[in-house]
Amino acid sequence: MSTPETALTAERLRADVADVLGCDPAEVTPDADLFDLGLDSMRTMALVERWRAAGAPAVEFADLAEEPRLERWASLVTGT
């Protein structure tokens with residue numbers, strides 16, 4: 001069972017993306033192209049594995065790479 005700190009929410013995804021990029025979460029806006037912010041395929045795969053382990057087993061790299069924007073990723077990962 002997930003706790004509020006570990007639940008997969010848009011804010012959690014934002015924090016995770018910022019973590020792998022080494023930046024402040026405020027820099028990761030919902031509509032920013034995450035690849036333009038420096039995200040690459042290796043970091044994206046790390047996020048896929050992190051989110052699968054946190055309760056989103058259906059997350060696929062190809063789906064995230066197709067549209068690398070946090071708002072789209074939140075929709076895919078959290079189902080919202």
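1. Asp-33 sits in the loop that runs between α1 (10-21) and α2 (41-53), where helices are DSSP runs of H or I with at least four residues, strands are E runs of at least two, and both are numbered from the N terminus. This is a predicted model, in which local features need pLDDT of at least 70 and side-chain atom pairs count only at pLDDT 80 or more, while totals for chains, interfaces and linings use all residues. Residues are numbered from 1 along each chain as its sequence is written, and side-chain values use heavy atoms, with hydrogens and water left out.

2. Asp-33 is buried but has no salt bridge, the nearest side chain of opposite charge being that of Arg-69, 4.2 Å away. Buried means under 20% relative accessible area, exposed over 50% and partly exposed in between, with a 1.4 Å probe and protein chains only; a salt bridge needs a side-chain nitrogen of Lys or Arg within 4 Å of a carboxyl oxygen of Asp or Glu.

3. A polar atom of the Asp-33 side chain lies 2.8 Å from the backbone nitrogen of Phe-35. Neighbours within four places in sequence aside, Asp-33 is in contact (heavy atoms within 4.5 Å) with Pro-68 and Arg-69.

4. The structure holds one aromatic pair. Trp-51 and Trp-73 form this edge-to-face pair, at 6.0 Å centre to centre and 75° between the planes, where pairing requires ring centres within 6.5 Å, and planes under 30 degrees apart count as stacked, over 60 as edge-to-face and the rest as tilted. The pair links helix α2, which holds Trp-51, to helix α4 (residues 70-78), which holds Trp-73.

Definitions and conventions:
Lys and Arg count as positive and Asp and Glu as negative; His and the chain ends are not counted. A polar contact is a pair of N or O atoms within 3.5 Å; within protein, one must be able to donate a hydrogen and the other to accept it, and residues adjacent in sequence count only if both atoms are side-chain atoms.
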